[in-house]
Amino acid sequence: MTQLEDIAQKMVAPGKGILAADESSGTIKKRFDSINVESTEENRRDYRETLFRSSEAMKNYISGVILFDETIRQKAADGTPLVKLIEETGSIPGIKVDAGAKDLAGAPGEKVTEGLDGLRERLSEYYELGARFAKWRAVIDIGRSGDRSIPSAYCLNANAHALARYAALCQEANIVPIVEPEVLMDGDHDVDRCYEVTEAGLKALYAALFEQRVKLEGTILKPNMVVSGKLCDRQASVDEVAEKTLTCFASAVPAAVPGIVFLSGGQSDEEATAHLDAINKAKAASDGRHPWGISFSYGRALQAAPLKAWSGKSENRQAAQAAFSHRARMNGLAALGEWSEASEAEAA
Ligand code: 13P
């Protein structure tokens, strides 16, 4: 097995998933605003250090952590690099390398992700800093009120092309690329429209990855689940989400891909856990038709509870760690298809 394949397999080790702690400066400020904490470099460090020092969660349920540029360079209060704290728990440090979604020229309302210029040099620096995987997020919106012109094939293909260029550069640098084509759940579309757009986006992505000679065995897919738009009158049930998500991915994701780690995308904590669990239960009942490891790479659905418990106060550190450990354990169970609502009440 190559180093890339080995890392990719470890990222989806049974019962483990990824902590997305790579909020950009703007996003972490929004999260801190919600708890009335100022977004200073020290506060960001204290909060993230609290998460990475949650040894129960990190050792048992978190295979890797996606960091932001600032965090991969930061030291804990006692001077230990945060990357080292993560490595000491047995978890793998990763890095967000995209520069965000910008307006796509000639396509009003659509986005393309930037960040390819200078990426080769940045990747080699990140490798030196300890990153063994990376993340690049493409953002695909779905038109409102039945407008089928969004997303355009142009938008899907431009984003797939950028994701593939990023992935090829990562593999050249011995870094596993997480490819993330996120179809947003904002909007009033139904679950079948989400299915259609997710499938088209994935097919464009795997065509581009093939064309650009990316070895799928050394990649991880980070997609949305197939869910109803938040504003849709009819919300698909947990079982329908699981069934449609697996059918969609079976048609579009090659068997060579070692793992699929879902984003939470605005689902509530428990919804994100229930969906992941139902997907893994349906996978287990499908006689090996779904070959990839299926787990989580959650940002909000892992951090909402610990962020609130912490609220910027050092005396709340333990409470924040307990909240994080609980959600990590729930999602670890869901990654095995062994979660139930009753698990939420069980003590660790
Ligand atoms: P959410 O789980 O909050 O959607 O974040 C995951 C992520 O990394 C999005 O790029």
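Predicted model: local features only at pLDDT ≥ 70, side-chain atom pairs only at ≥ 80, totals over all residues.
1. The crossing is right-handed.

2. The α8 side of this contact consists of L156, N157, A160, H161, L163, A164 and A167, while α9 supplies A200, G201, A204, L205, A208, L209 and E211. Sorted by class, the contact of α8 with α9 has ten nonpolar, three polar and one charged residues.

3. Helix α9 also meets helix α10, which spans residues 238-252; their axes come within 9 Å and cross at roughly 25°. The pair is therefore roughly parallel, since angles under 35 degrees count as such. Here too the crossing of α9 with α10 is right-handed.

4. On α9, the residues touching α10 are V191, Y195, T198, E199, L202, K203 and Y206; on α10, the partners are E240, K244, C248, S251 and A252. This contact of α9 with α10 has six nonpolar, two polar and four charged residues.

5. The largest nonpolar core contains 104 residues, and those touching the most other members are M11, F133, A134, L163, V176, L205 and I260. Among them, L163 and L205 also take part in the contact between α8 and α9.

6. Which residues does V176 contact, leaving aside its neighbours within four places in sequence? The partners of V176 are L4, I7, A8, M11, R132, F133, C170, G218, T219 and I220. Of these, M11 and F133 are also listed with V176 among the core residues that touch the most other members.

Definitions and conventions: Residues numbered from 1 in each chain as written. Left-handed = near helix turned anticlockwise from the far one by under 90°. Helix = DSSP H or I, 4+ residues; strand = E, 2+ residues; numbered from the N terminus. Contact = placed C-beta atoms within 7 Å. Nonpolar A, V, L, I, M, F, W, Y, C, P; charged D, E, K, R; others polar. Core = buried A, V, L, I, M, F, W, Y, C linked by C-beta atoms within 7 Å. Buried ≥ 20, exposed ≤ 12 C-beta atoms within 10 Å, placed from the backbone. Axes fitted to C-alpha atoms, helices over the stretch in contact; angles between N-to-C directions. Parallel < 35°, antiparallel > 145°, perpendicular 65-115°, else oblique.
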